[in-house]
Amino acid sequence: MKALLHFILSGKEFIIEDVVGETNGVGRERYSIVAASHKQQPSRGLQIHDSVQALASMDSEEDEAELESELGEADSYRHGQWLRRRQLDGALNRVPVDFYPKVWHILDRCDYILLDGNMLPRHPITNEMTAGELKFALEVESKLNRIPHPEYRQLMVESLMVLSIVAACDPQQTLGGDINMDEALQDANMAFLHEQLVENGDATECCAANGMITTGACSASHGLCIHFYDCAPSGRYGTMSYMAQALLTRCRRMPRRPESPSAFDKVPPECAVQ
């Protein structure tokens, strides 16, 4: 019983083995609970090797057609996996670690942030709430929850994380009076479509067809391309790459913050620690 509870609580796989030739006191056979052996489940490399051997032994056209249909189904599943992931994360209100404190520091360097037309003002929020306060997190969450499409909400979360990285690179750079995250995502989507035209990517079937960019041609939410929603966040062609381009272009237009003396320089001599 102790072994059974141990494996259940640890989450490890286990099997029940019949101990041959042994019985308990009342004449019943004894059983043993042990960890599941890796031998029972073939490794990934062994499965691939078996698949290659099966492919080499195919002689009939019927088997080849069946394999092609299976590969086509797998490819169609991969095509929408990041879109489905963003829809799921947006619906469950998932955010990265330290997301809310980073939003607070962004808000502290501008007047307000626009999230799908919903304004998150600097005053009085940053005056009344700290970066790690639960009340501030709930305030940001209330603005994000007004976004009706979960995939767009998740892109908004990703773009705020990228903006926090861009802002941290130059602390003397102001972020302007307002930060319109909707316009930043539109700029990122345009950068994505321009690159799709050059690379002849999947977006040439909808929003970049016939060598022309037509936003909203695929009827995705907020006029963004469906393939932009389906991009992985990181990598050369990831959404964060295009977001960084759009946000850096906007930050270059903003003036630098004037040099100000340190807060310790303003301490009166009589208040200084002896």
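How many helices and strands are there in the protein chain? There are eleven helices and five strands. Before going on, note that this is a predicted model.

Some totals to begin with. The chain has 274 residues, and 30% of them count as buried. Its accessible surface is about 17,500 Å², with 55% of that belonging to carbon and sulfur atoms. If you take the contacts between residues at least 6 apart in sequence, 62% of them join residues at least 24 apart.

Now the core. The largest nonpolar core has 52 residues, and the members that touch the most other members are F99, I113 and F136. Helix α8 gives the largest share, ten residues. At least two residues each come from α5, β3, α7, α8, α9, α10 and α11; of these, α9 spans 181–199, α10 spans 226–229 and α11 spans 239–252. As general background, nonpolar side chains in soluble globular proteins tend to be buried together.

Helix α5 covers residues 99–107, and its buried residues are F99, Y100, V103, W104, I106 and L107. They sit on the same side of α5, because the arc they cover around the axis is only 160°. What do the buried residues of α5 pack against? The list is β3 (112–115), β4 (118–121), α6 (125–128), α7 (134–144), α8 (150–169) and β5 (178–180).

Setting aside neighbours within four places in sequence, I113 is in contact with I106, L107, N118, M119, L120, L160, I179 and M181. Two of those, I106 and L107, are among the buried residues of α5. Another, I179, is the bridge partner of I113 in β5. Strands β3 and β5 pair in the parallel sense, over three bridges. On the β4 side the sense is antiparallel, with four bridges joining β3 to β4. In that pairing, Y112 stands opposite P121 in β4. The hairpin of β3 and β4 has two residues between the strands, and D116 there takes a positive phi near 55°.

Next, backbone geometry, for anyone who wants to check the torsions. In general, most residues other than glycine have a negative phi, and most peptide bonds are trans. Where is the cis peptide bond? It joins H123 and P124, with omega about 5°. P124 lies in the loop between β4 and α6.

N210 is exposed at 78% relative accessibility, whereas H222 is partly exposed at 25%. T214 also has its place in the loop between α9 and α10, and T214 counts as partly exposed at 41%. Along the chain T214 and M190 are 24 residues apart, and their C-alpha atoms are separated by 9.6 Å.

Last, the cysteines. How many disulfides are there? The count comes to zero. C225 is in no disulfide, and its nearest cysteine sulfur, that of C206, is 3.8 Å away; the cut-off is 2.5 Å. Is C225 buried or exposed? With 0% relative accessibility, C225 counts as buried. C110 counts as buried as well, at 1%.

To close, the residues to look up on the screen are F99, I113 and F136, which touch the most other members of the largest nonpolar core.

Technical notes. Residues are numbered from 1 along each chain as its sequence is written. This is a predicted model: local features need pLDDT of at least 70, side-chain atom pairs count only at pLDDT 80 or more; totals for chains, interfaces and linings use all residues. Side-chain values use heavy atoms; hydrogens and water are left out. Buried means under 20% relative accessible area, exposed over 50%, partly exposed in between (1.4 Å probe, protein chains only). The arc is that of the directions from the helix axis to the C-beta atoms. Contact means heavy atoms within 4.5 Å. Accessible areas come from the Shrake-Rupley method with a 1.4 Å probe; for residues, only the protein chains shown count as cover. A nonpolar core is a set of buried Ala, Val, Leu, Ile, Met, Phe, Trp, Tyr and Cys residues joined through side-chain atoms within 4.5 Å. Two strands pair if DSSP finds at least two bridges between them.
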